[in-house]
Amino acid sequence: MGLTPLDIHNKEFTRGFRGYDEDEVNEFLDQVIKDFEKVMREKKSLEDKVSELEEKNSHFNNIEETLNRSILVAQETADEVKNNANKEAKLIIKEAEKNADRIVNEALAKSRTVAMEIEELKKQAKVFRTRLKMLVEAQLDIIDNDDWEDLFQVETGEEENHHIGEYSTSD
């Protein structure tokens with residue numbers, strides 16, 4: 001243990017024949033005691049301050065360590081979220097491509113079906129046109145037939161006979 005102000009105050013020196021002046025030594029010792037007490041108070045104050053600063057430093061080191069861990073966790077989480085988002089985006093793109101392919105294939109199948117139906121309708125229209133043409137030509141043949149002339153003459157002959165008969169009954 002170090003020297004205390006009380007140790008300095010209570011120090012007794014042996015007296016020699018031609019020693020130092022006692023009052024001068026006592027004054028000097030009093031001054032040393034005062035200065036030593038001051039230094040000890042400052043030392044105690046500085047030790048307290050060092051202790052307080054070490055506590056704060058330890059606290060801030062803990063905060064720094066916690067923040068570093070939090071940053072690492074946040075980075076890892078961000079990377080994981082990013083990777084998951086990329087995976088999900090790829091899945092969405094694949095699904096969209098599948099849907100697009102399906103839609104295109106369905107559209108192609110429909111267009112083929114419609115094209116086949118159009119071709120069938122064209123064939124049916126040609127058949128109908130041919131039949132209609134044949135029907136109209138048959139009707140024209142009937143109209144152009146000489147039988148009409150005979151029919152008109154037969155009717156005209158009957159009418160004349162009928163008119164003739166009217167004249168004869170009235171005479």
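Visitor: What makes up the lining of the largest pocket, by class?

Guide: In this predicted model, the lining has six nonpolar, five polar and six charged residues. Asp, Glu, Lys and Arg are the residues counted as charged.

Visitor: Why is this called a pocket, and what is its volume?

Guide: A pocket is an open set of grid points, whereas a cavity is one that the probe cannot get out of. The volume of the largest pocket is about 450 Å³. Of its 17 lining residues, Phe 13, Arg 15, Glu 22, Val 25 and Asn 26 are the closest to the centre. Two or more lining residues come from each of helix H1 (5-10) and helix H2 (22-144). H2 contributes the most, with six residues.

Visitor: How do you know which kinds of element the protein chain has?

Guide: A helix needs a DSSP run of at least four residues and a strand at least two. On that basis the protein chain has three helices and zero strands, so its elements run α-α-α from the N terminus on.

Visitor: What share of the residues counts as buried?

Guide: Buried means under 20% relative accessible area, and 2% of the 171 residues count as such. The accessible surface of the protein chain is about 16300 Å², and 57% of that surface belongs to carbon and sulfur atoms.

Visitor: Where is confidence lowest, and where is it highest?

Guide: Helix H3 (residues 147-170) is lowest, with a mean pLDDT of 60, while H2 is highest, at 93. Local features need at least 70, and the mean for H3 is 60. Over the protein chain the mean pLDDT is 86, and 87% of the residues reach 70 or more.

Key. Residues numbered from 1 in each chain as written. Predicted model: local features only at pLDDT ≥ 70, side-chain atom pairs only at ≥ 80, totals over all residues. Heavy atoms only, no water. 1 Å grid on protein atoms, 1.4 Å probe; cavity = no way out; pocket = protein on both sides within 12 Å on 5 of 7 lines; lining within 4 Å. Points joined across faces, edges and corners; volume = space filled by probe spheres on them. Buried < 20%, exposed > 50% of the residue type's maximum accessible area, 1.4 Å probe, protein only. Areas by Shrake-Rupley, 256 points an atom, 1.4 Å probe, with all protein chains shown as cover. pLDDT = per-residue confidence, 0-100.
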